[in-house]
Amino acid sequence: MNVYDKYKLKQVINASGKMTILGVSKVSDSVLEAQKIGGQNFFEMADLTEKTGRYIAKLLGADNATVVSSASAGIAQAIAAVIGRGDAYHTMHPYSDRFTRREIIMPKGHNVNYGTSVELMVQQGGGRVVEAGYANECTPEQVVMEITEQTAALLYIKSHHTVQKSMLSIEEMVEIANNHQLPLIVDAAAEEDLTKYYQLGADIVIYSGAKAIEGPSSGLVVGRDPYIIWLQKQSKGLGRSMKIGKDNILALVQAIEDYLEHGSETGESMTLRIAPFISALNAISGVQAEIVQDSAGREIFRAKVKITATHKTAQEVIEELKQGNVAVYTRDYQANNGIIEFDIRSVDEVEMGLIIEKMTFIMEEE
């Protein structure tokens, strides 16, 4: 009996991208083997954490690194680290009134919901979000004017979820952090470049281990000491509730090695794979399809589908794609504008054919 029958689960075609609600990514055989080795052996966990972190840091040309349970856990523990600054009392009492330097400044357009809110993760770490600028604008001057004696760090979210226009760059945020001797935390959860933001001058950079890297459920924090050392101390405090197992630590290291050797699928490869899919979609009545690049500038190409039919809305099509024995999940951020996007990074040729069959049936219904 397969897992779908055993638990009465739907099969899922993930055309929405590396999304947490669908389990994020598929992992390779080499990553599974590393998980098996971790699961079947014992280690001193503090030693494993420290030494795998140093190993990853050497691979990435960074000062230090550490593996955590998720990018969200990375945010919460990074915030706690810059507030407590390694203090033993703070580790056990992260919300104590003794510690008043708790303000975390971020552009207002970066305080987004990605499945939960950035603000909630900051609060979990004991921080207070201070929004700089406006939803559609944040300049360096607007960040600087929010800095006070209570500022613990600056936070920058590099994500397609955030407002892209009229926002200061990471380089500008680095300059502000340096000028005011404040640490800069960059949440780059879904980003593909594991060295760029550290090299630009960020002090703490947070990645999802399961997105671009295609590792297990995990997070990667790359940065400078003492910040990473302070973050690792959180394992005896609030980090205890978000600890990661030895199997996933070793599996993520293997995934990083594989990723550095082979990289992600190129934009050229995606474009070639998606071209027949676009043609098949355009043969369906009431549909107009084209290739578009990721709005945040990443080398990710998707099928953008405009629903032109009068008898179906984009939202109705999205919901009907999820029905039946095989559920198709899409990107629905622009559904209110009649647009659906299909991310084909985790979709093979057979699954594209199933999507076309399902779309044809849905659009023929009246």
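Is R54 buried, exposed or partly exposed, and at what relative accessibility? R54 is partly exposed, at 36% relative accessibility. Here buried means under 20% relative accessible area, exposed over 50%, and partly exposed in between (1.4 Å probe, protein chains only).

The model is predicted: local features need pLDDT of at least 70, side-chain atom pairs count only at pLDDT 80 or more, and totals for chains, interfaces and linings use all residues. Residues are numbered from 1 along each chain as its sequence is written, and side-chain values use heavy atoms, with hydrogens and water left out.

The structure contains 10 salt bridges, each defined as a side-chain nitrogen of Lys or Arg within 4 Å of a carboxyl oxygen of Asp or Glu. One of them pairs R54 with D225. The closest N and O atoms are 3.1 Å apart. This pair links distant parts of the chain, 171 residues apart. R54 lies in helix α3 (residues 45-60), and D225 in the loop between β8 (219-223) and α10 (227-233). Helices (H or I, at least four residues) and strands (E, at least two) are DSSP runs, numbered from the N terminus. D225 is partly exposed, with a relative accessible area of 24%.

A further salt bridge joins R302 and D343, at 2.9 Å from N to O. It also links distant parts of the chain: R302 sits in strand β10 (residues 301-307) and D343 in strand β12 (residues 339-343), 41 residues apart. R302 is buried at 3% relative accessibility. D343 is buried at 1%. D343 also forms a salt bridge with R345, at 2.9 Å from N to O. Through shared partners, salt bridges join D294, R302, D343 and R345 into one network.
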